[in-house]
Amino acid sequence: MIRHGGDRLKNILRALIILLIICGTYVLFIQYGSVPEKKSNDSEPQVSNEEAQSSKRIHMPTSGLLSFMGKSADDVTKKLGEPERIDPSAYDYDWWVYNQGKDQYIQIGVLNNKVVTLYAAGNDINAKPFKIGESTGEVFKTTQVAPFVNVEYKGNSYRFEFSEEDINTRPTVKVGKMYVQLYMDKFEGKLSSIRAFDAQTFVKQRPYEVVYRGELIEPKAVSDDKWKKIQTTSEKQILDLTNVIRVKHGLAKLEWDQPTAEVAFGHSEDMKDNNYFSHVSKKYGSLKDRLEEGDVDFQQAGENIAYNYVDGPAAVEGWLNSEGHRKALLNSDYTHLGVGVDRKYYTQNFIKRW
């Protein structure tokens, strides 16, 4: 009886092994980022070539990148050259994008031929008086960070109030006439990137809770056609920044995958249209369901979602400071990425192909 039971167990094990071999292509790994807070027909985002970038470094102004605030667009091109591309935004200005890889990534916001905002990441950025890559302790030692910042503009008064999380990961300080947001990587304890605004642009974006007296300045209404362009360029910016972060951490860049991007956009659109925020759709199911329905061939997959961030860079910085999202951003197994943005709903779908 014992010998018979042993033979039977061996036969069962053999059958299981054969079954796993036959079904192996359906053994999938799905990764979801923990939750924090139809793709348009425009040209598809492309991954920039790192080798080509390394030979044409941006020559930083000795006075620092922040010295561009309030200057003319001509001043920018004289110092930095022509941008790689010009992207629209939902806040009246256009983004001038300079992407030279992990050490030099810059977006400069130009409105009426004047610099009104900028975003910069990379350790080879002159961000005086700040230094990207510096420890959080050193930043807070030399910079007075309060739980709020006051803004005066054309007789209006605004008080932006920070949560504890805001203070630790993205406080804003006043420097001269500008306002500088400091994005901290709380896992590494370093200054990850900076964003600067003039008073009007800061009020338009309202990245924090605000109490005000007077008029609450709003950006111009955005048409549906312009939103489509903004969404497409936000997807490009998210791809760019995701690869900047990955290369900075010694990982390979992700290649753009259009079918995956269409699945990602479908999920952002579904969340917006049905007013929910979740990795699982009542109509379209889980990430696995959605990828298979979109005929995406994958071995592993992961998803990051975000809602109500002012733009793509802000969403990426938020993901970087959330443990689950960060794991997806820095997963060495993934090979391709698709991003879908619908207004202020953001979805990243990562895949590893077979």
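Trainee: Why does Phe-298 count as buried?

Mentor: This is a predicted model, and in it Phe-298 has a relative accessibility of 4%. Buried means under 20%, so Phe-298 counts as buried.

Trainee: Where does Phe-298 lie?

Mentor: You'll find Phe-298 in the loop between α9 (287-293) and β13 (300-307). Look at Lys-352 too: Phe-298 and Lys-352 are 54 residues apart in sequence, yet their C-alpha atoms sit 5.6 Å apart in space.

Trainee: And the protein overall, what share of its residues counts as buried?

Mentor: That's 51% of the 354 residues, going by that cut-off of under 20%. The accessible surface comes to about 17300 Å², and carbon and sulfur atoms hold 50% of that. As for the fold, count eleven helices and 15 strands.

Trainee: Which residues lie nearest the centre of the largest cavity?

Mentor: Ala-90, Ile-230, Ser-234, Val-310 and Asp-311 do, out of a lining of 16 residues. Helix α7 (residues 224-248) gives the most to that lining, with five residues.

Trainee: How does the lining of the largest cavity divide into nonpolar, polar and charged residues?

Mentor: Nine are nonpolar, four polar and three charged. Take two residues nearest the centre, Ala-90 and Asp-311: Ala counts as nonpolar and Asp as charged, so Ala-90 belongs with the nonpolar residues and Asp-311 with the charged ones.

Terms used: Residues are numbered from 1 along each chain as its sequence is written. This is a predicted model: local features need pLDDT of at least 70, side-chain atom pairs count only at pLDDT 80 or more; totals for chains, interfaces and linings use all residues. Side-chain values use heavy atoms; hydrogens and water are left out. Helices (H or I, at least four residues) and strands (E, at least two) are DSSP runs, numbered from the N terminus. Buried means under 20% relative accessible area, exposed over 50%, partly exposed in between (1.4 Å probe, protein chains only). On a 1 Å grid over the protein atoms alone, a cavity is a set of points where a 1.4 Å probe fits but cannot get out, and a pocket is an open set with protein on both sides within 12 Å along at least five of seven lines; lining residues have an atom within 4 Å of a point. Accessible areas come from the Shrake-Rupley method with a 1.4 Å probe; for residues, only the protein chains shown count as cover.
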